[in-house]
Amino acid sequence: MAIRLHDSLTRSLQELRRPDPTDPRDVFTFYNCGPTVYGPAHIGNFRTFVVNDVLRRLLELEYGPGKVKHVRNLTDVDDRTIGQAKKDQRSLAEITRKWTDLFHADCAALNCLPPHVEPTATGHIREQVDMIEVLMEKGNAYRAPDGSVYFKIASFPEYGALSRIKERELKVTNSAFDADHKDDIGDFALWKAYKPEEDGDVQWPGPRTAAAGRPGWHIECSAMIKRHLGETIDLHTGGVDLLFPHHENEIAQSQCCNGTIFARHWYHSEHLLVDGTTMSKSKGNYYTLGDLVQKDFDPLVVRLALLQGHPRKQQNFTLDSLHSADKALTTIHSYWQSLPLKADRATAFDAVFSALHDDLNFPAALGAFFTVINRGPSGVAKSDCEKVLFALGLGREPAKRPDRRIPDAITAFAEKRWAAKLAKDFATADALRKEIAAAGWSMLDRKDGYSLEPLKKA
Ligand code: AMP
Ligand code: ZN
């Protein structure tokens, strides 16, 4: 069953290329822009990485083992990483190592498969410099008076095809940064000359004729793609905010340098929102995975919650959505455990896969999955269900939750309140309930007793 994905360049649903199964060198090449490692990734970032992880899993299921090569980079040098190192009075390498380690731990907890190659920008300075030199030789780039190098967008008539950005918008978007030294306001930095007051000890020898300094952000992906996947790749992905200018600039750099088409297919997933605005580090309105684990949610529950919206639609994040994902995950795992090893209805989950293959329609896929679950285990084989769990990355039992011990003071309040209630002293009972709630607990009354639960914070 072919996989079809919306292509951002043609604005249409396109079938992905199927590599030749008889040619071992023919693999599907897939690049996903990775995180900037200067702080914790938030669950908005992880929405993008989880969507890409499901895509990677589907490609592997469809094309077979060894037929997909997935590369995702780490941006470990840019304004933000350098700024953070300065702020923390640490070296750039120390800062990026620390946040890379946390990113890896979060990815593992969320069941995201590691990419086959995870290149870093600082590990590919030579490749970036080489590309910039080619662009300068071909007349697509020029040296500015301070020794920086800019890409000349006027040299690439197709510039703007991906984002269809009008010239006016381009000016507004780009005018905010490095307008000095450029021939045209839309031109972007390939190489940034060293500035001692900003860059500390971060610098490398530059392209011929340029000053020492560091690469601009966009060139790293073009260089790492060329090095690890070749001049033309099958699929390039990222969150919608990367469409412009990042991906537009990648196309310009790669196509001018290599003289060939850069990516056959572009796919962009939409953002996770909080209270109607994009979750972002700069806005400070974000949750990390650690925040949610602290609230006692299993990382797989977070993963399932992130799979609940259509990836090409914005999704609003709420703690309530985690509570329902928690219930849904328990249902899925107990259904899976109830299944017989062998059965005759191998097609039970076909509708799940058709929905996934149809532009990653997660809501339809989960709907179809629950239709099968609600019909009961009869005739469905465990291994078929496991294939669905593999595709969605939900294939392990949630980690055992740490017990939330009830503090003695809360138990004492609860006992008093229960006694007051039995004595029909409702005023005292109500006052005590409020005390208990203020301490973060909720008392649930039954006919013959009560239980205490941590309050769900809204
Ligand atoms: P960054 O670390 O800022 O380079 O972002 C890493 C990835 O997360 C990129 O693909 C972004 O497009 C994506 N991203 C950033 N914010 C969000 C969000 N609120 N929801 C979904 N993806 C996001
Ligand atoms: Zn990129």
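Q: Which residues coordinate the zinc ion (ligand 2)?
A: Cys33 (SG), Cys221 (SG), His246 (NE2) and Glu250 (OE) do, at 2.0 to 2.6 Å. Donors here are N, O and S atoms within 2.8 Å of the metal (3.2 Å for Na, K and Ca), and water is not among the atoms, so sites may look incomplete.

Q: Is this an experimental or a predicted model?
A: It's a predicted model, where local features need pLDDT of at least 70 and side-chain atom pairs count only at pLDDT 80 or more, while totals for chains, interfaces and linings use all residues. Residues are numbered from 1 along each chain as its sequence is written, chains are lettered from A and ligands numbered from 1 in the order written, and side-chain values use heavy atoms, without hydrogens and water.

Q: Back to the zinc ion (ligand 2): how are its donor residues spaced in sequence?
A: The pattern is C-x187-C-x24-H-x3-E. Cys221 sits in helix α7 (residues 217-228) and His246 in helix α8 (residues 243-258), so this pair ties together parts 25 residues apart in sequence. Helices are DSSP runs of H or I with at least four residues, numbered from the N terminus.

Q: What does α7 cross, and at what angle?
A: Helix α4 (residues 125-137): the two axes come within 9 Å and cross at roughly 105°. Axes are lines fitted to C-alpha atoms over the stretch in contact, with angles from 0 to 180 degrees between N-to-C directions. α4 and α7 are therefore roughly perpendicular (65 to 115 degrees).

Q: Which residues of α4 make the contact?
A: Glu127, Gln128, Met131, Ile132 and Leu135, with contact meaning heavy atoms within 4.5 Å.

Notes: Helix = DSSP H or I, 4+ residues; strand = E, 2+ residues; numbered from the N terminus. Parallel < 35°, antiparallel > 145°, perpendicular 65-115°, else oblique.
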